[in-house]
Amino acid sequence: MNELPGALKPLALLEAIAGLQHPASLAELAVNVGVPKPTMHRWLASLEQAGLIQRTPDGRRYELAMRATQLAFSILTNRPGGALRHDILRRVVQEVGESCNLTVLDGSQVIYLDRVESKWPLRITFQQGSKVPAYCSASGKLFLALMQPAKRDLVIAEMTLERMTDNTIVDKSALLKELSEIRRNGYALDREEFLEGLVCLAVPIIYRKGRNRACAAALAIQAPVTRMSQAEMIDKIPLLQNAAETMSATISADVGAT
């Protein structure tokens with residue numbers, strides 16, 4: 001904390017909020033960062049005004065806002081590991097024969113951080129930066145399943161589950177049941193829930209720091225159901241998990257070098 005110039009000290013608070021796996025109260029942050037509550041009030045107000053943090057719907061806790069999330073995306077994309085991660089996606093596409101993407105969660109939506117398309121003439125194309133709802137995508141359901149329950153409940157409470165296809169889960173109780181299964185299994189499937197005729201498999205990319213573990217991103221493959229059935233996609237889990245483990249090392253190296 002003392003190593004930072006006065007004007008930059010609130011960045012230590014931003015780092016603390018980013019490191020927690022749940023929205024934090026002012027009292028919790030004051031203890032975590034080690035500053036008096038009046039100072040914490042001032043720093044929180046500055047970061048909130050800058051659009052880097054936001055209050056949860058109940059107004060009592062703080063979490064990262066979209067501007068901070070977008071900054072993190074830019075760092076991940078432009079760090080030296082970005083080229084390595086893109087190469088991992090390319091190798092997965094070569095082995096699986098279908099499109100592969102790297103995604104992160106932004107609120108209740110999934111953002112495509114990077115993507116490599118398959119060579120097939122028939123494919124669904126998503127551009128870097130594209131967003132899809134979390135509740136009806138494999139990556140999104142994975143992020144929700146691996147969230148701390150308190151944060152997940154807040155996110156789901158704010159969601160409107162719009163029916164995208166006949167297979168979309170629009171009942172929140174049914175969604176929570178599936179999230180429990182995903183947490184146990186360690187992977188998630190999109191069974192034509194976002195787009196009819198498109199299936200998807202996602203596995204977590206885990207960031208490790210000491211004893212702490214967090215789902216930093218997701219690695220996913222997508223395919224038309226006419227080319228790959230759900231059963232065939234499930235057979236690809238070990239391959240995708242190995243790629244995600246390699247991907248995790250690149251993220252840990254980039255974050256550690258920041």
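Modeller: Start with two helices: in α2, L26, A27, L29, A30 and V33 meet K37, M40, H41, W43 and L44 of α3, where contact means heavy atoms within 4.5 Å. Helices (H or I, at least four residues) and strands (E, at least two) are DSSP runs, numbered from the N terminus. By class, eight nonpolar, one polar and one charged residues form this contact. Ala, Val, Leu, Ile, Met, Phe, Trp, Tyr, Cys and Pro count as nonpolar, Asp, Glu, Lys and Arg as charged, and the others, Gly among them, as polar.

Biologist: What should I know about the source before going on?

Modeller: The model is predicted, local features need pLDDT of at least 70, side-chain atom pairs count only at pLDDT 80 or more, and totals for chains, interfaces and linings use all residues. Residues are numbered from 1 along each chain as its sequence is written, and side-chain values use heavy atoms, with hydrogens and water left out.

Biologist: At what angle do the axes of α2 and α3 cross?

Modeller: The axes of α2 (residues 26–33) and α3 (residues 37–49) cross at roughly 105° and come within 10 Å. That makes α2 roughly perpendicular to α3, a label for angles of 65 to 115 degrees; under 35 is roughly parallel, over 145 roughly antiparallel and the rest oblique. Axes are lines fitted to C-alpha atoms, for helices over the stretch in contact, and angles run from 0 to 180 degrees between N-to-C directions.

Biologist: Which residues of α2 are buried?

Modeller: An α-helix has 3.6 residues a turn, so residues three or four places apart point the same way. In α2, L26, L29, A30 and V33 are buried, meaning under 20% relative accessible area, with exposed over 50% and partly exposed in between (1.4 Å probe, protein chains only). Seen down the axis of α2, these buried residues fall within an arc of 105°, so they line one face of the helix; the arc is that of the directions from the helix axis to the C-beta atoms. They pack against α1 (10–19), β1 (24–25), α3 and β3 (61–64).

Biologist: How does α7 read, and what covers its buried residues?

Modeller: In α7 (residues 149–157) the buried residues are R152, V155 and I156. Their arc around the axis is only 95°, which puts them on the same side of α7. A150 and A157 are exposed on the other side. The cover over the buried residues of α7 includes α6 (138–146) and α8 (172–185).

Biologist: Which residues have the most contacts inside the largest nonpolar core?

Modeller: A nonpolar core is a set of buried Ala, Val, Leu, Ile, Met, Phe, Trp, Tyr and Cys residues joined through side-chain atoms within 4.5 Å. The largest has 30 residues, and L201, I205, L219, I221 and M233 have the most contacts inside it. Its largest share, six residues, comes from α10. Not counting residues up to four places away in sequence, M233 touches L189, V199, C200, L201, I221, Q222, A223 and M228.

Biologist: Where is E192, and what is its phi?

Modeller: Most residues other than glycine have a negative phi, and most peptide bonds are trans. E192 lies in the loop between β7 (188–191) and β8, and its phi is positive, near 60°. G34, which follows α2, also has a positive phi, near 80°.
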